[in-house]
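This briefing concerns the structure shown below.

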Amino acid sequence: MSAVSFRALDLNLLKVFEALMTEGSVTRAANALTMTQPAVSNALARLRDALGDPLFVRSGTGIRPTQRAVVLWEPIGEALESVRGALDEQVFDPGRAQREFSLSMSDYVASLVMPKLVNHLGEIAPKARVHTIPNTVLEIADQLEDNRVDCVLSVYVNEAQQPAAIRSRSLWTVDYACFMRRDHPFAVRKRLSTRAFLNARHVDVSLAGKTLPSYDLFLASRGLSRNLVATVNHYSAAYEIVRQSDLIAVLPRDLRSQSRHAPFLHAMPLPLQAPPRIVSLFWHQRNDTVPAQRWLRETLVGMFTRSD
């Protein structure tokens, strides 16, 4: 922003910019600001003129920020938060908040997180609501960019490609084992040879439905492949297939979430251990300073961070 444009800019417009960034919709921004939609649209037109950028473009049912808006958001968001803090020490009161939160995660992660989280919210934030949305790993950044969810709890396929606007915090390391039904012919062995393991018929989970499971990418990096005969897009389905067939599977060892399967399954160490996979909490930087969002993140980190 040049000095000239700053002198000409109505600073009230920055509150509109903040609302559009955090709400992802002109309608919701208008509600949050107790303004009419035409007034918000008019303010956005003035912002665009002052800054020489569209700032927001239509996306699905809402709007998404341009690159220029994302770059501006960090300093502007922090500045507004500082001013707000100096004026009224804004805090989130979970006991009274009628807030809806949306979390994206797989059924495996949801089965670990949701029972504890729902009980916690019932005690601490009884008027809050929480919804889960399927996670396909590939859509993590898009779900957050498009404001479809507040947070994602997931592993990330390639941290090096994580967009700069997406923040993350590690929660726990997933421990994998080789699962089979209790009366599987392999179950009497103490350990599987690499050859027997690779030649056995496997099922695995591909949340996106058509991408190669990460374990196969790991094997390919070592010049190996296994006999993968089925993929499903839910962990619970994979455990059920293993329970009812001769297929084996590389799945999270933590079966607390799958207690109805546990008595019927046998776990063995993997002959080929892939690098650890970490479930992390992901959020968009525009929500860094939103009090309700910060409270949700601190709650999740406090409840689910494990020191492995």
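Which residue of β12 does Val-152 stand opposite? Val-152 stands opposite Phe-282 in β12.

The model is predicted, with pLDDT of at least 70 required for local features and 80 or more for side-chain atom pairs, while totals for chains, interfaces and linings use all residues. Residues are numbered from 1 along each chain as its sequence is written, and side-chain values use heavy atoms, with hydrogens and water left out. Helices (H or I, at least four residues) and strands (E, at least two) are DSSP runs, numbered from the N terminus.

**The sheet**

- Five strands make up an open sheet of mixed pairing, in the order β4-β3-β5-β12-β6; two strands pair if DSSP finds at least two bridges between them.
- The edge strands, each pairing on one side only, are β4 (129-134) and β6 (166-174).
- From one strand to the next, the twist averages 20°.
- Strand β3 (residues 100-105) runs parallel to β4 and is joined to β4 by six bridges; Phe-101 has Val-130 as its bridge partner in β4.
- β3 also runs parallel to β5, with two bridges between them, and Leu-103 stands opposite Cys-151 in β5.
- The pairing of β5 with β12 is antiparallel and extends over three bridges.

**Strand β5 and the cysteines**

- In a regular strand the side chains alternate between the two faces of the sheet.
- In β5, Cys-151 and Leu-153 point one way and Val-152 and Ser-154 the other way, and all are buried. Buried means under 20% relative accessible area, exposed over 50%, and partly exposed in between (1.4 Å probe, protein chains only).
- Cys-151 counts as buried because its relative accessibility is 0%; Cys-178 is likewise buried, at 0% relative accessibility.
- The disulfide count is zero, a disulfide being a pair of cysteine sulfur atoms within 2.5 Å.

**Helix α6 on the sheet**

- Helix α6 (residues 107-124) packs on the sheet and touches β3, β4, β5 (151-154), β6 and β12 (277-284). Its direction makes about 155° with that of β3. Axes are lines fitted to C-alpha atoms, for helices over the stretch in contact, and angles run from 0 to 180 degrees between N-to-C directions.
- Leu-112 is placed in helix α6 and counts as buried because its relative accessibility is 8%.
- Between Leu-112 and Asp-254 there are 9.0 Å in space, C-alpha to C-alpha, although the two are 142 residues apart in sequence.

**Helix packing around α4**

- The axes of helix α2 (residues 12-23) and helix α4 (residues 37-51) cross at roughly 110° and come within 10 Å. The two helices are therefore roughly perpendicular to each other. By angle, under 35 degrees counts as roughly parallel, over 145 as roughly antiparallel, 65 to 115 as roughly perpendicular and the rest as oblique.
- On α2 the contact (heavy atoms within 4.5 Å) is made by Leu-13, Val-16, Phe-17 and Leu-20, and on α4 by Val-40, Ala-43, Leu-44, Arg-46 and Leu-47.
- The residues of the contact of α2 with α4 comprise eight nonpolar, no polar and one charged. Ala, Val, Leu, Ile, Met, Phe, Trp, Tyr, Cys and Pro count as nonpolar, Asp, Glu, Lys and Arg as charged, and the others, Gly among them, as polar.
- Helix α3 (residues 26-33) packs with α4 at an angle of about 105°, the axes being 9 Å apart, which makes α3 roughly perpendicular to α4.
- From α3, Val-26, Thr-27, Ala-30 and Leu-33 meet Gln-37, Val-40 and Ser-41 of α4. This contact of α3 with α4 has four nonpolar, three polar and no charged residues.

**Loop residues**

- Most residues other than glycine have a negative phi, and most peptide bonds are trans.
- Thr-34, in the loop between α3 and α4, is not a glycine but has a positive phi of about 50°. Thr-34 is exposed, with a relative accessible area of 73%.
- Leu-55, in the loop between α4 and β1 (56-59), has a positive phi of about 70° although it is not a glycine. Leu-55 counts as buried, at 0% relative accessibility.
- Asn-287 lies in the loop between β12 and α11 (291-304) and counts as buried at 3% relative accessibility. Leaving aside neighbours within four places in sequence, Asn-287 is in contact with Thr-22, Asp-150, Gln-293 and Arg-297.
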